[in-house]
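This report describes the fold of a protein chain, with its helices, their packing and a few individual residues. The sequence and the structure are shown first.

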Amino acid sequence: MDFLVVGYVAITVVAEGMNKGYKLGSQNLALHELFSILLPYFAAKHMFRNPQFAVDVAKRVVVSLAIVAVLSVYEFRMGTDLFTRFFEGIFYGTYGALRGGFMRTAGPYGHSLTLGVMMAFGFRLARWLEWKGIWKDRGWFLQLSKIRFFELWIAAGIIMSLSVGPLISAACGAVIVSVCRAQNRKRALVLLVVFIGIASQTLYPAFKAYISVDPSVVAAQGDLIQGDAAYRNKLIPLYTPIVEERPTWGWGINGFPKLEGMWSIDNGYLLTALEWGIYALAMQLALYLSPLILLGFFSIPLSRRDPRALTAFTLMGIYTLNAVMDGTASGGGVPWRLFFIFAAWSAVLLNSTAPEMAVESVWSLPKTQIGFRRVMV
């Protein structure tokens, strides 16, 4: 994992320098990636060695995202983002998009895609906390547990983003986790492969016909979802020749030629290939696939109730939704920096030899150690 993270940073910095020189390109990018990728990664790798640290981080993320989801109801219904309402009267060019008569909520993240995938991350962490028996008690005169309350609000946050990409990504991650946690994993895996085979024969032709239309015509008719899907379908065939012109180091950030009518690169893999070339793209794919495969082999000999296996399943779901999401949105749609925090957690887990604290022992801890009131302190 260290090699993949450092290698990705090195290749992108070299590629930017080859395109724009040291002063204008690689210097700024190197500083940016030093403080937004390398330092957070190695700091998280050190801190996640304490299993309780992972629990504390997950609790803070879940609570924070639930608060964002609650406040986003106002934006979803009234069309005004409470997180940016004060600044909208000062600065020009705030984001806002309608779909189906409702505002696509962006929260404090600047874009609905980012909010949706952040909520998807939070839902996976909330499920992990539930498996560890945290916040099982009921509170605030509710007829459900505290953790279920958070799960429902975070799921509502995904829906309020009105973004198809996060929903599809979250569903793919949930399928992977469900297969891993099945009573009979081999049978679940076989059923999944059979389902994919059948679906590819029946659903793929219909999906191909759905996206093989003129996006501008469909969008003009009011079907923005189909228009976006058709637009993304055109991106790779049109931009592949541009990638092939400079396959090694790409064109640099925003340096590639813009095609007429293609206003954005809504594919993270294509954007990486355009800006930094196929070597950077290979490292990006390795960052997604290698840990996913290693976590799968790591969890095979473990019981489905083993705390290490539960953590591995959660991280596998997160890697899956990241990989799917990057194929449906530009780099701005995926919280790429947060991804390296999960990469550090994966590295620590894969190097672990002793089980984490057993689920039963977590349930029996005094409330002061996992209490809800202290979570944000």
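## Terms and basis

A residue is called buried when its relative accessible area is under 20%, exposed when over 50%, and partly exposed in between, using a 1.4 Å probe and protein chains only. Helices (H or I, at least four residues) and strands (E, at least two) are DSSP runs, numbered from the N terminus.

The model is predicted: local features need pLDDT of at least 70, side-chain atom pairs count only at pLDDT 80 or more, and totals for chains, interfaces and linings use all residues. Residues are numbered from 1 along each chain as its sequence is written, and side-chain values use heavy atoms, with hydrogens and water left out.

## Overall composition

The protein has 14 helices and 2 strands. Of its 377 residues, 45% are buried. A contact is a pair of heavy atoms within 4.5 Å. Among contacts with a separation of 6 or more, 72% are between residues 24 or more positions apart.

## Helix 12

Helix 12 covers residues 336-350. The expected span of a helix is 1.5 Å times one less than its number of residues. For the 15 residues of helix 12 this gives 21 Å, and the end C-alpha atoms are 21 Å apart, which agrees.

Helix 12 is largely enclosed by the rest of the structure, because 11 of its 15 residues are buried. The buried residues are Trp-336, Phe-339, Phe-340, Phe-342, Ala-343, Ala-344, Trp-345, Ser-346, Ala-347, Val-348 and Leu-349. Their cover includes helix 1 (2-47), helix 2 (51-78), helix 4 (112-131), helix 10 (268-299) and helix 11 (307-326).

## Helix 10 against helix 12

Two packed helices are described by the angle between their axes and the distance between the axes. Axes here are lines fitted to C-alpha atoms, for helices over the stretch in contact, and angles run from 0 to 180 degrees between N-to-C directions. The axes of helix 10 and helix 12 cross at roughly 35° and come within 11 Å. Their crossing is left-handed, a term for a near helix turned anticlockwise from the far one by less than a right angle, with right-handed used if clockwise.

On the helix 10 side, the contact involves Gln-284, Leu-287, Tyr-288, Leu-294, Leu-295 and Phe-298; on the helix 12 side, Trp-336, Phe-339, Phe-340, Ser-346, Leu-349 and Leu-350. By class, this contact has 10 nonpolar, 2 polar and no charged residues. Ala, Val, Leu, Ile, Met, Phe, Trp, Tyr, Cys and Pro count as nonpolar, Asp, Glu, Lys and Arg as charged, and the others, Gly among them, as polar.

Thr-272 is also found in helix 10. With a relative accessibility of 7%, Thr-272 counts as buried. Apart from neighbours within four places in sequence, Thr-272 contacts Gly-277, Ala-280, Leu-281 and Gln-284. Val-243 is 29 residues away from Thr-272 along the chain, and their C-alpha atoms are separated by 9.9 Å.

## Other helix pairs

Helix 2 and helix 4 pack at an angle of about 130°, with axes 9 Å apart. The two are therefore oblique to each other; angles under 35 degrees count as roughly parallel, over 145 as roughly antiparallel, 65 to 115 as roughly perpendicular and the rest as oblique. This crossing is left-handed. The residues in the contact of helix 2 with helix 4 divide into 15 nonpolar, 2 polar and 1 charged.

Helix 6 (residues 164-180) and helix 7 (residues 185-211) have axes that come within 8 Å and cross at roughly 145°. Val-175, Val-179 and Cys-180 in helix 6 meet Arg-185, Ala-188, Leu-189 and Leu-192 in helix 7. This contact of helix 6 with helix 7 has 6 nonpolar, no polar and 1 charged residues.

In helix 5 (146-160), the buried residues are Lys-146, Ile-147, Phe-150, Glu-151, Ile-154, Gly-157, Ile-158 and Met-160. What covers them includes helix 2, strand 2 (102-103), helix 4 and helix 6.

Most residues other than glycine have a negative phi. Leu-162, which follows helix 5, has a positive phi near 50°; this residue lies in the loop between helix 5 and helix 6. Asn-254 also has a positive phi, near 55°. Asn-254 is in the loop between helix 9 (224-245) and helix 10, and is exposed, with a relative accessible area of 56%.
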